[in-house]
Amino acid sequence: MKSLLIAALALTVTGGAAAKAEDVTLTVWSHEADETAKVALREQAARNLEASHPGLHVKITWYEKDGLNSALRTALPAGQGPDVFYVEPGQTEYITSGMIAPLDDLVDWSNIYDWARSVWTVDGKTWALPEEAYTDELYYNKDLLAKLGITLPANGQLSQGQFLDLVTKARAAGMTPVSAGVGDRPYPGAYILAEALLRKLGTDDYGKLLTGKLSFEDPRVVEVFTWVKSLVDAGAYPKNFMTLKLGESHQYFFQKPGSVVFPMGSFYTGRAFVPVDQGGQSPDFPLGIMQFPAMDGAACNSCKTVAVGASFAINAASKHKDLAAAYLNELAKPEVGKQWIETVYLQTAVKTGGIQFSGPYAAYFTELMDRQKGATYFTGMPVDVLSGQCKDSFVQVMNKAFPGGLLGVDEAVKMMNEGCYKG
Amino acid sequence: MPSETITSESRDSAPAGDASAIGARTASRGTIAAFLGPVLVIYAGFIFYPVIRTFYNSLHTVGPQNTSSFVGFQNFTQLLFHDATFWRAVGNTVTFTVVGTVADVLGGLLLALCLFSQAPFGRLLRVIWFTPVLMSYVVVGIIWVWLYDYDWGLINTILRWIGLGAFEQSWLGDPHTALWAVLVTHLWKWLGFNMIICLAALYALPGEVLGAAELDACGWFAKLVYIIIPMLRPTLVNLLVLSFVGKMMMFDLVWIMTDGGPLWATETVSTYVYKRAFNWNSFDLGYPSAIAVLWSVMIVAFVVLMTRLLRQRERLEF
């Protein structure tokens, strides 16, 4: 009887301990508290994980970026950080300080585009799961293009001469050819120039140009600057280019006064696909996407820039790395990627190829995906890749003064070379 | 309630242990420490340590994870002899400061004189001229960026409307006009402040002196130059010094309106320090600290020089 009691007690104790072991809370700290679609998606992934792991509770704490970074800077060194947290490319301090765990063997990478994974690959290891992605695109107003009598080729890419012709025709017709403004951002003025350089040079030499290993006085670079100068001289940009803000440049394109094309990251949708009374574009706005112009004698006219935004890392000190990885795998499921596109209206690093989109902007996303077919990607916008004097020169020269018509080709090339070239 | 005058005699004669007579000489060291301690801790933490740390950083190259290596005066050498952008920023800041300070104080004085001379609608004008002082730089900057806009800005619209369309400009987009455009905005914001200070000083002037001048048939210009301005001199000197120091550290308005552009035409030393510290995708806080140290020394030197030059050697009596 005594032994039975002991056995029953032991069973109770061990059984209880087993139940206790499953009772785990996985903590996640995320930025973008005010982005309801992203909040819903990440919370849904948490609930899905809880459903497949009885006893697991996923607790997401929502922050804005500054608050999150401050909290992480104090919590992580004290060993009190969350299991999973939001990061963005460029926050390499977490890697160098050993505060995040490599994810190569933890996460199922088959659902993530290779180019997106490569953004987080440092020293042969992958340090975060990219969720959000965007590409540089050239949006256009289909009606205005038709009024100019211009028809896009099947691949959606005009030649550099045809694009100059577009600009000239638009000005002659009293239209603003290109909407862009640099009043509050360090990059929108450089979209056309940077994409033209990428196509002309190809990914390798473009990378060398941005890292100071190729001179801006290279004849190919000078050719591109000369072409962009011809666009500027033809009146490509608005006269208030220097003070026009990013949000205003969107409205300039799709509302008033209207422009033929609008070079912008594919995060365009974040401003455009909101209700009209909140500044969004009209539902019947004839939006199209063309490729940036093909350059004569280019190394890679199928090249385009891609960049990664929101990503998630696992705390190196986490006691639940497997569960943390399971949460990242939930985020990386193709159906979550589809839901991301249909509700967040942004691109994603999660593979969604072959998926049929639904919803009010399905046609847009289908066209956007078509524009990615056959693309060779260069990862990172110049403003994120550059640093120091070179970045400052980029902002002042390539983003503002050169497209603003304040500099000639020789001056611009010289100033960029002084800021960037290390040869 | 009549105020009590405490003389050194009465303080010295206060009986020991009288609680009402606690003073610096009678309070125990513990009491003094209890009162001063918290303030000193806050001062040390938020003023003294950052200043010392900035001096320390200026002699180092600071890397990630707070690692730093001693480089002596290398940052200062680089700054003084090899940094064209720094000298561009110095030139802009000095231009902005000198022109802005003179215009600020003179403009404020003129507005105050206008109100002092009982101009019509004086109360209304006082409110209108002072209102911009109450606005934040962010609001002022945004308003004036709109006003300066090439296409739909009020300034170009008026120019076109009155037939002076040939003079329309991208006011903030042209390196030749951008600094002046920012300066006008700054004056618009601060003239009201200088006006109020000058006006208060004008009302404090002894009426009998001004009355005597009028009895002596002193004209308004002579009265202004020989009586009012000399008597306002201490106020004007204070305004000049305050205005000077404020403009030498100009950051927010430039940041909002032009971000230092176009082509560094509005770059000030403060915006350059910020960019070097936080916008260059670099961890190094040593070089920006060197700029901050050098500029602080220059500001102190200028203020001392200015105060000495403008100091009143003979005290006015009235």
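How many bridges join strand β9 (residues 176-178) of chain A to β10(A), and do these strands run parallel or antiparallel? In this predicted model, 2 bridges join β9(A) to β10(A), and the two strands run parallel.

Strand β10 of chain A, which spans residues 259-265, is mostly covered, since 7 of its 7 residues are buried.

A:Pro257 belongs to the loop between α10 (246-254) and β10 of chain A.

## An open sheet in chain A

Chain A also contains an open sheet of 5 strands, in the order β2-β1-β3-β13-β6, with mixed pairing. Because β2 (56-62) and β6 (129-130) of chain A each have a single partner strand, they stand at the edges, and one side of each is left without a neighbour in the sheet.

For β6(A), pairing with strand β13 (residues 311-314) of chain A is antiparallel and extends over 2 bridges. In that pairing, A:Leu129 stands opposite A:Phe312 of β13(A). Strands of a sheet pair through backbone hydrogen bonds, in either the parallel or the antiparallel sense.

## Nonpolar cores

The largest nonpolar core comprises 146 residues, and those with the most contacts inside it are A:Leu197, A:Phe312, A:Tyr327 and A:Leu328. Helix α8 (residues 191-210) of chain A gives the most to this core, contributing 11 residues. Apart from this core lies another, of 17 residues, which includes B:Trp129, B:Leu191, B:Cys198 and B:Leu232.

The surroundings of A:Tyr327 can be given residue by residue: leaving aside neighbours within four places in sequence, A:Tyr327 is in contact with A:Leu26, A:Val28, A:Ala45, A:Ala46, A:Leu49, A:Val58 and A:Val84. In soluble globular proteins, nonpolar side chains tend to be buried together.

## Domains of the two chains

Chain A is divided into domain 1 (22-131 + 309-352) and domain 2 (135-306 + 376-420), and the C-alpha centres of these two domains of chain A lie 32 Å apart. The contact between them takes 7 residues from domain 1 of chain A and 10 residues from domain 2 of chain A. On the side of domain 1 of chain A that touches domain 2 of chain A, helix α5 (residues 114-119) of chain A gives the most, with 3 residues; the residues of that side divide into 4 nonpolar, 3 polar and no charged.

Chain B is divided into domain 1 (21-56) and domain 2 (84-310), with the C-alpha centres of these domains of chain B lying 36 Å apart.

## Where chain A touches chain B

Between the chains, 18 residues of chain A are in contact with 19 residues of chain B. On the side of chain A that touches chain B, the elements that give two or more residues are α4 (93-96) and α16 (388-401) of chain A, and the largest share, 6 residues, comes from α16(A). By class, this side of chain A has 4 nonpolar, 9 polar and 5 charged residues.

Chain B has 13 helices and 2 strands, and 30% of its 318 residues count as buried. Among the contacts in chain B with a separation of 6 or more, residues 24 or more positions apart account for 71%.

The loop between α11 (252-257) and α12 (269-279) of chain B contains B:Pro262, and the peptide bond from B:Gly261 to B:Pro262 is cis, with omega near -10°. B:Leu263 is also found in the loop between α11 and α12 of chain B; its phi is near 55°, a positive value in a residue other than glycine. B:Trp264 lies in this loop of chain B as well, and the phi of B:Trp264 is near 65°, again positive in a residue other than glycine.

Conventions:
Residues numbered from 1 in each chain as written. Chains lettered and ligands numbered in written order. Predicted model: local features only at pLDDT ≥ 70, side-chain atom pairs only at ≥ 80, totals over all residues. Buried ≥ 20, exposed ≤ 12 C-beta atoms within 10 Å, placed from the backbone. Helix = DSSP H or I, 4+ residues; strand = E, 2+ residues; numbered from the N terminus. Pairing = 2+ DSSP bridges. Core = buried A, V, L, I, M, F, W, Y, C linked by C-beta atoms within 7 Å. Contact = placed C-beta atoms within 7 Å. Domains from an automatic or database assignment. Nonpolar A, V, L, I, M, F, W, Y, C, P; charged D, E, K, R; others polar.
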